[in-house]
Amino acid sequence: MGPKPTPNEPNGENYIRLRFLIIGGGLAGVTAGIALAKHGHSVTLLERQKSFTELGAGIQVPPNCSYILKEWGLLDILSPLATAPQEINFRSYRSGDLLSQSVLVPDMEEQYGAPHMVIHRGDFLSMLLAEARGLGVGLLTGCNVTQIDFTTCSVWTANKQEFSADVIIGADGEESFCRASLLGKQDTPTCCGKLVYRFTVKSEVMRAHSDTMDLVDPPKVTCWMGPSSHVVCYDLPYRGVCNIVLTRPDERTDFAQTGPLPADIEDVRYIFKDWDPVLKRVLDLADTIMFWPLLRAQETDIWTHDSGKFILIGDAAHHMTPHLVQGATQSIEDAALLGELFAKIKHRHQVSDVLTIFRDIRQMRVAAISKRSTQIGLIWEFEDGPYQRERDRQLKEHQPFEGYPNPYTDSALLKWLYKYNIREEAELAWERYMKGEWVGTIGTQTSDKQFESAVRGTKRHATDIS
Ligand SMILES: Cc1cc2nc3c(=O)[nH]c(=O)nc-3n(C[C@H](O)[C@H](O)[C@H](O)COP(=O)(O)OP(=O)(O)OC[C@H]3O[C@@H](n4cnc5c(N)ncnc54)[C@H](O)[C@@H]3O)c2cc1C
């Protein structure tokens, strides 16, 4: 006998099948498709590009993300494509001195129930797309959404196709058309004063040089902390390449494109000329380097529409600095929570309430993580001087405390970040909601019909109630 269906699964006691339209086929959109289809909903995903692609090479999958994949039964499929680095090393940018080390294997899995992994973004997305396809998610490419009617829950694409659904999910990334439509104004993200350079070097080439072999064997994450800059490097054995990401300040705001753009390798070598000789050797091994300006959209807490049928998720709703490697992970937490909440819904008129509950839960967590990620970034990127020296002393002494500069040794932070259980969060929220204790919702008190007439012309969201 298989596991008991959740109430909203086919054969569950309250099964209602909703139709979802997801706009955007990045990690947020595809995982939302998986989470909702798993609970029996009908999902169509619209991606503007001709094929599904993830820019950049590697991505870190921390335990709060791999735990969700484990719950979805995907960790066994992911594991052969991914690697669990043994340790993460923080190094001084100039000398390369080891400042701090955290053991990741077996600590992460033992303490948080799932490993910290690294994987090629393309392999990650392909694996997720295969799962979504297997669950019956309609995956449509070449569908650039250019118009949304939030009330009728319909969208139109540039080539004049029309789609409609019960719920629309905007997962179209940081340059989000959905967010601009929701806010009713142009909302183009601007360059935040940082550039990201990305390149790969064949693992065998890294291994062939005595000074770079340590960066790939045994598998590890290396992070150099430098003034207003940091560099991250880890091997992706399944692809046979080592992934290197360099972040540095750049005040230019006039890039014609948002990236990836080809960088002048000699320029990059010059920029990093005073860094650790090991990193300089890695740069010598680079054939091509691409760069992206890091973008920032205006922060907004408007994620839902008054129609009660639309929600933003992923980078379209929130994005954060990459220091805590939580951007995609938070998108996948979004997806998992949507799945769990829509598994509980009993009546169509509760859709709006589910989106309100989702928004309330996610905004609190994401804002806190984003704040912490920014703080960590500032500490890692101190200019040379007394603050940097004091940080390095704290790291070298290795007496971790709350707020410690190496987050992988800050047990309070890790517990809060990694021990987060989406299913429990959804259970608790639903319990409160069913008791009539979720402010800004009314769906436990009405029928579908009463609800329709009650909300006509009424703003329902907690933030709108004065
Ligand atoms: C340097 C760097 C390193 C990072 N490292 C990590 C890491 O190690 N771990 C981690 O968890 N996170 C990391 N992140 C963050 C992570 O990459 C993002 O948070 C995540 O990829 C966002 O996924 P998304 O699906 O929300 O958006 P996107 O990946 O931007 O996907 C949006 C999709 O929507 C499509 N789209 C856009 N407009 C439309 C439209 N009008 N119609 C239809 N489709 C549309 C796009 O083509 C795209 O496919 C990093 C970020 C940076 C910058």
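Predicted model: local features only at pLDDT ≥ 70, side-chain atom pairs only at ≥ 80, totals over all residues.
Let me begin with the overall division. The chain is split into two domains: domain 1 takes in residues 19-83, 117-188 and 300-431, while domain 2 covers residues 190-296. If we take the centres over C-alpha atoms, domain 1 and domain 2 are 25 Å apart. Where the two meet, 16 residues of domain 1 are in contact with 19 residues of domain 2. On the domain 1 side of that meeting, the largest share comes from strand 6, residues 117-120, which supplies three residues. Sorted by class, that side of domain 1 consists of six nonpolar, six charged and four polar residues.

I turn now to the interior. In soluble globular proteins, nonpolar side chains tend to be buried together. In this model the largest nonpolar core holds 122 residues, and those with the most contacts inside it are Ile23, Ala32, Ile169 and Ile313. The element that gives the most to this core is helix 11, residues 351-380, with 10 residues. Because domain 1 and domain 2 both contribute residues to this core, it lies between them. Which residues does Ala32 touch, leaving aside those up to four places away in sequence? Ala32 touches Ile22, Ile169, Ala171, Ile313, Asp334, Ala335 and Leu338.

My last topic is an open sheet of eight strands, with mixed pairing, in which the strands follow the order 5-4-13-14-15-12-17-16. At its edges are strand 5, residues 98-103, and strand 16, residues 261-262, each of which pairs on one side only. With strand 13, residues 220-226, strand 4 pairs in the parallel sense over six bridges, and here Ser92 stands opposite Met225. Helix 12, residues 386-397, packs on the sheet and touches both strand 4 and strand 5, its direction making about 45° with that of strand 5.

With strand 5, by contrast, strand 4 pairs in the antiparallel sense, over five bridges, and Asn89 stands opposite Gln101 of strand 5. Strand 4 and strand 5 form a hairpin with five residues between the strands, and in this hairpin Gly96 takes a positive phi near 80°.

Notes
Residues numbered from 1 in each chain as written. Domains from an automatic or database assignment. Contact = placed C-beta atoms within 7 Å. Helix = DSSP H or I, 4+ residues; strand = E, 2+ residues; numbered from the N terminus. Nonpolar A, V, L, I, M, F, W, Y, C, P; charged D, E, K, R; others polar. Core = buried A, V, L, I, M, F, W, Y, C linked by C-beta atoms within 7 Å. Buried ≥ 20, exposed ≤ 12 C-beta atoms within 10 Å, placed from the backbone. Pairing = 2+ DSSP bridges. Axes fitted to C-alpha atoms, helices over the stretch in contact; angles between N-to-C directions.
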